[in-house]
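Take a walk through this protein model.

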Amino acid sequence: INEAEFEIEKTKYLESADGKLVLYCDKYKDDLLDKPFLVTEETRADNDNKLFKKLPEICSLSDIKSCSLPELFKEHFKINLSDYLH
């Protein structure tokens, strides 16, 4: 991929839902009272030959907190979902 093609793909990514979430979190990550974090079901493993890394890796590189939905319930809301499964 050449530089011009990369710029096109970067613009597409930044205008996607994932890109907008990352930009929002990056903009407010230094907020003293209400630091955002990104909830995603993506894992760091296997990037499927995509040009840009998966959300957890981008968050890590950008110093943005991220977690999965089960982690959100367990760590932030103190709800253990397995207590409700029968």
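Lys-54 is in contact with Glu-42, Thr-43, Ala-45, Asp-46, Asn-47 and Asp-48, leaving aside its neighbours within four places in sequence. Contact here means heavy atoms within 4.5 Å. Lys-54 sits in the loop between β1 and α3. Helices (H or I, at least four residues) and strands (E, at least two) are DSSP runs, numbered from the N terminus. Lys-54 is buried, because its relative accessible area is 15%. The classes are buried under 20% relative accessible area, exposed over 50%, and partly exposed in between, with a 1.4 Å probe and protein chains only.

A word on the model itself. It is predicted: local features need pLDDT of at least 70, side-chain atom pairs count only at pLDDT 80 or more, and totals for chains, interfaces and linings use all residues. Residues are numbered from 1 along each chain as its sequence is written, and side-chain values use heavy atoms, with hydrogens and water left out.

Now the charged pairs. The structure holds four salt bridges. A salt bridge is a side-chain nitrogen of Lys or Arg within 4 Å of a carboxyl oxygen of Asp or Glu. Arg-44 forms one with Glu-57, and their closest N and O atoms are 3.1 Å apart. This pair links distant parts of the chain: Arg-44 is in the loop between β1 (37–39) and α3 (55–61), while Glu-57 is in helix α3, 13 residues apart. Glu-57 has 23% relative accessibility, so it counts as partly exposed.

Glu-9 and Lys-12 meet at 3.3 Å, N to O. Both lie in helix α1, three residues apart, about one turn of the helix. Glu-9 is partly exposed because its relative accessibility is 31%. Lys-12, at 51%, counts as exposed. Lys-29 and Asp-26 also meet in a salt bridge, at 2.9 Å, N to O. Lys-29 is partly exposed at 22% relative accessibility, and Asp-26 is partly exposed at 34%.

Next, the aromatic rings. Rings of Phe, Tyr and Trp (its six-membered ring) pair if their centres lie within 6.5 Å; planes under 30 degrees apart count as stacked, over 60 as edge-to-face and the rest as tilted. By this rule there are four aromatic pairs. In one of them, the rings of Phe-73 and Phe-77 have centres 6.3 Å apart and planes at 50°, so the pair is tilted. Phe-73 is partly exposed, at 26% relative accessibility. Elsewhere, Phe-6, Tyr-13 and Phe-52 form one aromatic cluster.

Phe-77 lies in the segment after α4 (69–76). With Ile-79, Leu-81 and Tyr-84, Phe-77 makes a nonpolar surface patch of about 400 Å². Patches are made of residues with over 30% relative accessible area and no salt bridge: like charges are joined within 9 Å, nonpolar side chains (Val, Leu, Ile, Met, Phe, Trp, Tyr) within 5 Å.

Finally, the whole chain. The protein has four helices and two strands, in the order α-α-β-α-β-α along the sequence. Its radius of gyration is 16 Å, well over the 12 Å that the globule rule gives for 86 residues, so the protein is more spread out than a compact globule. The radius is taken over C-alpha atoms, and the rule is 2.2 Å times the number of residues to the power 0.38. The C-alpha trace spans about 50 × 35 × 20 Å along its principal axes. Of the 86 residues, 19% count as buried.

Terms used. Areas by Shrake-Rupley, 256 points an atom, 1.4 Å probe, with all protein chains shown as cover.
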